[in-house]
Amino acid sequence: MLALPSITAPAVAQMPSVPPLEDFFAPASVQPVAPDEDGFLRRWLILEPLAKPNRTNAVFTGTYVREALSPQTFPGRFGALPRDGEVVPGADPIRWHALDSRLWDVKLFNFAQALGKPKYGVIFWVVTVVNSPREMRNVRLAIGSNSASRWWVNDGLAVEAFDDRRMVMDDVLSDRITLKKGRNVIRGAVINGPGLSDFCARFVDEAGRPVRDLTLTVK
């Protein structure tokens, strides 16, 4: 008898593994940290994503974004500084994480993915403390975000980015502002529909040069 050819089961497609959080972030250290060599702020308190279902980024008009990302929608008291590990209560409690980004652009999508949290139709809130050795006048907060975002410096609205946009370095600059000597609290909110989500932020001087003589903490 002829031997029948062996039949093997088709190879099962391997699901791509989710990159771990440590590929993109490290726990924030106790010691203050300086911006990177290009002035980007890499130390942040990042809140696990809040659900805000949107099927498309086309809805991110100025009116929509201002209503969705405002001090009134901040999960907690807007003027208070969250703590690492602090839990925001609710039907699905979420937690603040104090992290140092390994990259100049902070990968919010990968942050959510690594924690098994929703990645699409969400809002990310971020907070950091910038310590300035002196009063700095006429600096600008330069941000880029995917998608729309709003940013505050010491509780005052500094810069906004609307519409469906890619993350581009220095995409939007604030008007001239003054950093106080000592602590300055920076808050941001980034909204995402479908697709990736990340942001970058730094201060630049009047000549557009990065401001590096700062330190960052999350306390």
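## Isoleucine 46 and the cores

Leaving out neighbours within four places in sequence, isoleucine 46 is in contact (heavy atoms within 4.5 Å) with Phe25, Arg95, Trp96, His97, Leu99, Val106, Leu108, Phe111, Trp125 and Val126. Keep in mind that this is a predicted model: local features need pLDDT of at least 70, side-chain atom pairs count only at pLDDT 80 or more, and totals for chains, interfaces and linings use all residues. Residues are numbered from 1 along each chain as its sequence is written, and side-chain values use heavy atoms, with hydrogens and water left out.

Ile46 also turns up in the largest nonpolar core, which has 35 residues; Trp44, Ile46, Leu141, Trp151 and Phe203 have the most contacts inside it. A nonpolar core here is a set of buried Ala, Val, Leu, Ile, Met, Phe, Trp, Tyr and Cys residues joined through side-chain atoms within 4.5 Å. Buried means under 20% relative accessible area, exposed over 50%, and partly exposed in between (1.4 Å probe, protein chains only). Another core, of 23 residues, lies apart from it, with Phe74, Phe78, Phe162 and Ala189 among its members.

## Ring pairs

Now for the aromatics. Rings of Phe, Tyr and Trp (its six-membered ring) pair if their centres lie within 6.5 Å; planes under 30 degrees apart count as stacked, over 60 as edge-to-face and the rest as tilted. By this rule there are 13 aromatic pairs. One of them is phenylalanine 74 with tryptophan 96, a tilted pair at 6.1 Å centre to centre with 40° between the planes. These two come from distant parts of the chain, 22 residues apart: phenylalanine 74 is in the loop between helix 1 (62-68) and strand 4 (87-88), while tryptophan 96 belongs to strand 5 (residues 94-101). Helices (H or I, at least four residues) and strands (E, at least two) are DSSP runs, numbered from the N terminus. Both phenylalanine 74 and tryptophan 96 are buried.

Tryptophan 125 and tryptophan 152 count as stacked because their ring centres are 5.8 Å apart and their planes lie at 25°. This pair, too, links distant parts of the chain, with tryptophan 125 in strand 6 (residues 122-132) and tryptophan 152 in strand 8 (residues 149-153), 27 residues apart. Tryptophan 125 and tryptophan 152 are both buried. Ring pairs tie Phe74, Phe78, Trp96, Trp125 and Trp152 into a cluster.

## Strand 8

Strand 8 is largely enclosed by the rest of the structure, because 5 of its 5 residues are buried. Ser149, Trp151 and Val153 sit on one side, Arg150 and Trp152 on the other, and both faces are covered.

Strand 8 pairs with strand 9 (residues 156-161) in the antiparallel sense over 5 bridges; pairing takes at least two DSSP bridges between the strands. Here tryptophan 152 stands opposite leucine 157. The two strands form a hairpin with 2 residues between them, and asparagine 154 in the turn has a positive phi of about 50°. Strand 8 also pairs with strand 12 (residues 182-192), again antiparallel over 5 bridges, and there tryptophan 151 stands opposite glycine 188.

## Asparagine 57

Asparagine 57 lies in the loop between strand 3 (50-51) and helix 1, and counts as buried because its relative accessibility is 7%. Its side chain makes a polar contact with the side chain of aspartate 164 (3.2 Å). A polar contact is a pair of N or O atoms within 3.5 Å; within protein, one must be able to donate a hydrogen and the other to accept it, and residues adjacent in sequence count only if both atoms are side-chain atoms. The side chain of asparagine 57 also reaches the backbone nitrogen of glycine 193 at 2.9 Å.
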